[in-house]
Amino acid sequence: MEVRNVTEFVLLGLTSNPRIQVLLFILFLVIYLLTLSGNLLMLLLISSDAHLRTPMYFFLRYLSFMDAFYSSVIVPKLLSNLTSERKTISFLGCFIQIALVIFSGATEACLLSAMAYDRFQAVCHPLLYVVTMNGKVCSGMVAVSGAIGMCVGLVNTLLLAQENFCGPNVIHNFACELPPVLLLVCSDPHTTIAAILTTLATLGFGSLALLLGSYSRIIKTALGINSATGRSKIFSTCSSHFLVVTIFYGSGVFRYMTPASGSALEQVLSLQYSVVTPLLNPLIYSLKNKDVKAALRRMLSRKSRLTL
């Protein structure tokens with residue numbers, strides 16, 4: 001029997017109803033534009049305001065960049081498919097998207113762990129904080145996060161690409177991601193699945209362990225403070241980051257650590273962490289952060305003075 005190799009994949013998307021597709025196109029276009037605007041605004045504020053030149057906002061700047069990048073990997077193709085009758089993506093294009101999705105998610109997981117470690121140093125070792133979290137250390141942590149993201153993305157994509165895809169070529173999702181594409185493998189994928197799960201689990205649980213370790217020490221330190229004002233200040237400083245971490249890991253771990261079935265719930269989870277979460281992050285950090293709101297007021301006041 002002749003084995004034919006798949007040259008392209010069909011993305012079923014979210015719906016086949018033309019009217020609903022139009023509504024979804026408008027909705028996701030608005031979300032995408034708001035995501036880019038919100039994250040680029042955070043980048044502009046942190047880069048231009050001297051009051052935000054601290055390690056926490058240094059990491060937040062790169063987190064905002066990764067959110068904008070992550071959304072740009074997924075949403076443009078999603079919008080294109082909503083307006084096109086031929087909802088296909090080339091074999092190479094699909095695997096590039098998989099690699100970039102994994103790179104973005106892995107890098108963001110490492111950045112969130114770095115931010116948790118930064119808060120741990122600030123709360124638990126305030127006198128040594130400036131020395132411990134100096135510019136070289138922060139830059140090194142960002143560089144390592146990016147390097148880990150690239151390695152994990154490349155390794156997992158190459159592991160998947162070595163499998164045989166002979167048909168069918170229909171992906172029950174709106175984007176190319178590891179779980180639904182693995183369902184289309186013709187050869188025995190158990191070795192590849194084991195290797196992929198090992199790398200993702202090592203990254204996921206390793207970064208989660210650092211997060212939980214940092215926050216357990218922060219909570220222990222906060223509870224040991226007699227002043228209610230001091231405790232409130234610590235929890236207020238960390239609440240935005242903790243909320244972002246909960247959203248990121250809550251949807252991402254469930255999506256990648258459970259067997260793929262092509263269900264509607266899986267698509268909802270994919271939408272949440274690839275489309276909605278990049279929009280929520282700048283909103284969470286701006287609405288719950290006094291420093292960011294103050295920086296925004298200063299920027300607006302400077303612009304108003306320039307226009308007068």
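1. The pLDDT is the predictor's confidence in each residue, on a scale from 0 to 100. The structure shown above is a predicted model, and the protein averages a pLDDT of 84. A score of at least 70 is reached by 93% of the residues.

2. Helix α5 has the highest mean pLDDT, at 93, whereas helix α8, residues 228-256, has the lowest, at 74. Where pLDDT is low, the predicted coordinates should not be read in detail.

3. The packing of helix α5 (residues 135-161) against helix α7 (residues 190-223) deserves attention. Their axes lie 9 Å apart, at an angle of about 165 degrees. Angles over 145 degrees count as roughly antiparallel, and α5 and α7 are therefore roughly antiparallel to each other. The crossing of α5 past α7 is left-handed.

4. Which residues of α5 and α7 make this contact? On the α5 side they are I148, V152, N156, L159 and L160; on the α7 side they are T192, A195, I196, T199, L200 and L203. Sorted by class, the contact of α5 with α7 holds eight nonpolar and three polar residues, with no charged ones.

5. The axes of α3 and α7 come within 9 Å of each other and cross at roughly 20 degrees. Because angles under 35 degrees count as roughly parallel, α3 is described as roughly parallel to α7. Here too the crossing is left-handed, with α3 passing α7.

6. From α3, the residues that meet α7 are A106, A109, C110, L112, S113, A116, Y117, R119, F120, V123 and C124. Their counterparts in α7 are L203, S207, L210, L211, S214, Y215, R217, I218 and T221. By class, the contact of α3 with α7 comprises 14 nonpolar, four polar and two charged residues. L203 of α7 is listed in the contact with α5 and also in the contact with α3.

7. Leaving aside neighbours within four places in sequence, C124 is in contact with R217, I218 and T221. C124 and I219 are separated by 95 residues in sequence, and their C-alpha atoms are 9.7 Å apart in space.

Terms used. Residues are numbered from 1 along each chain as its sequence is written. This is a predicted model: local features need pLDDT of at least 70, side-chain atom pairs count only at pLDDT 80 or more; totals for chains, interfaces and linings use all residues. Side-chain values use heavy atoms; hydrogens and water are left out. Axes are lines fitted to C-alpha atoms, for helices over the stretch in contact, and angles run from 0 to 180 degrees between N-to-C directions. Helices (H or I, at least four residues) and strands (E, at least two) are DSSP runs, numbered from the N terminus. Angles under 35 degrees count as roughly parallel, over 145 as roughly antiparallel, 65 to 115 as roughly perpendicular and the rest as oblique. A crossing is left-handed if the near helix is turned anticlockwise from the far one by less than a right angle, and right-handed if clockwise. Contact means heavy atoms within 4.5 Å. Ala, Val, Leu, Ile, Met, Phe, Trp, Tyr, Cys and Pro count as nonpolar, Asp, Glu, Lys and Arg as charged, and the others, Gly among them, as polar.
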